[in-house]
Amino acid sequence: MKVLLYHKKMTDSPEIAVQRAQRRARIRRKTFWWDAALFALVIVCAVWLLPYAPYLSQIRFLRAFLPVNGSILEHGKLLFYPAVFVGVLRYLVTGDLQKGILTTYAAAIFRALGLHILLRCTFTGVIGTTDVWVPPAVLGCCGGYMTYQIARNCDRQKRSNIPGMLLLLLLEALLMIFTEYPQDLGIFAG
């Protein structure tokens with residue numbers, strides 16, 4: 001009985017390459033605005049929140065979301081939280097339109113944070129500049145890189161969202177711990 005009820009119709013042909021390309025293009029059009037919103041949110045946080053972070057971090061609740069001591073790692077919060085906000089919202093709205101989208105976001109966030117640390121250490125240590133424009137410019141570049149990685153890999157992810165959620169929770173815990181108890185290393189110094 002199961003064979004009769006659960007078989008494919010003989011008239012259905014397998015998906016050909018053109019149909020698969022059309023389906024992917026339709027998904028790309030639907031998800032383009034999510035990537036644009038992520039990039040815009042990172043730019044807004046880098047330009048408008050970064051200068052006012054010392055004043056806004058006086059509020060105890062906002063200390064978790066803003067750079068408190070101005071260290072390189074804490075400036076990464078302005079990459080992490082907009083990406084997590086957009087990623088979770090995208091997952092809730094689009095559902096299973098793209099498999100493992102939170103895992104894709106987690107991988108892109110880790111890459112962007114690594115690039116952020118590399119660029120900031122290069123600017124401050126190697127080049128020797130501590131200009132006011134460097135942190136927002138680096139955050140903007142890293143936000144663009146993160147958005148590019150998400151757009152490039154969103155259709156290639158075949159895993160579930162659970163590894164991504166676990167990685168994001170781990171990174172969140174590390175950011176909270178290092179905000180309250182910074183270590184005696186250069187990356188944690190303000």
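Reader: In which handedness of crossing does helix 2 pass helix 6?

Author: Helix 2 goes past helix 6 in a right-handed crossing. Keep in mind that this is a predicted model.

Reader: And how do I read the way two helices pack?

Author: In general, you describe a packed pair by the angle between the two axes and the distance between them. Here, the axes of helix 2 (residues 17–56) and helix 6 (residues 134–153) come within 9 Å and cross at roughly 165 degrees. Angles over 145 count as roughly antiparallel, so helix 2 and helix 6 are roughly antiparallel to each other.

Reader: Which residues make that contact?

Author: From helix 2, they include Arg28, Asp35, Leu38 and Phe39; from helix 6, Pro135, Pro136, Leu139 and Gly140 are among them. Sorted by class, this contact has 12 nonpolar, four polar and three charged residues.

Reader: What covers the buried residues of helix 6?

Author: The cover includes helix 2, helix 3 (72–75), helix 4 (77–94) and helix 5 (101–127). Among the buried residues of helix 6 are Val134, Val138, Cys142, Met146 and Ile150.

Reader: OK, now try the angle-and-distance reading on another pair. At what angle do helix 5 and helix 7 pack?

Author: Helix 5 and helix 7 (residues 162–180) pack at about 40 degrees, and their axes are 7 Å apart. That makes helix 5 oblique to helix 7. The crossing of helix 5 past helix 7 is left-handed.

Key: Residues numbered from 1 in each chain as written. Predicted model: local features only at pLDDT ≥ 70, side-chain atom pairs only at ≥ 80, totals over all residues. Heavy atoms only, no water. Axes fitted to C-alpha atoms, helices over the stretch in contact; angles between N-to-C directions. Helix = DSSP H or I, 4+ residues; strand = E, 2+ residues; numbered from the N terminus. Parallel < 35°, antiparallel > 145°, perpendicular 65-115°, else oblique. Left-handed = near helix turned anticlockwise from the far one by under 90°. Contact = heavy atoms within 4.5 Å. Nonpolar A, V, L, I, M, F, W, Y, C, P; charged D, E, K, R; others polar. Buried < 20%, exposed > 50% of the residue type's maximum accessible area, 1.4 Å probe, protein only.
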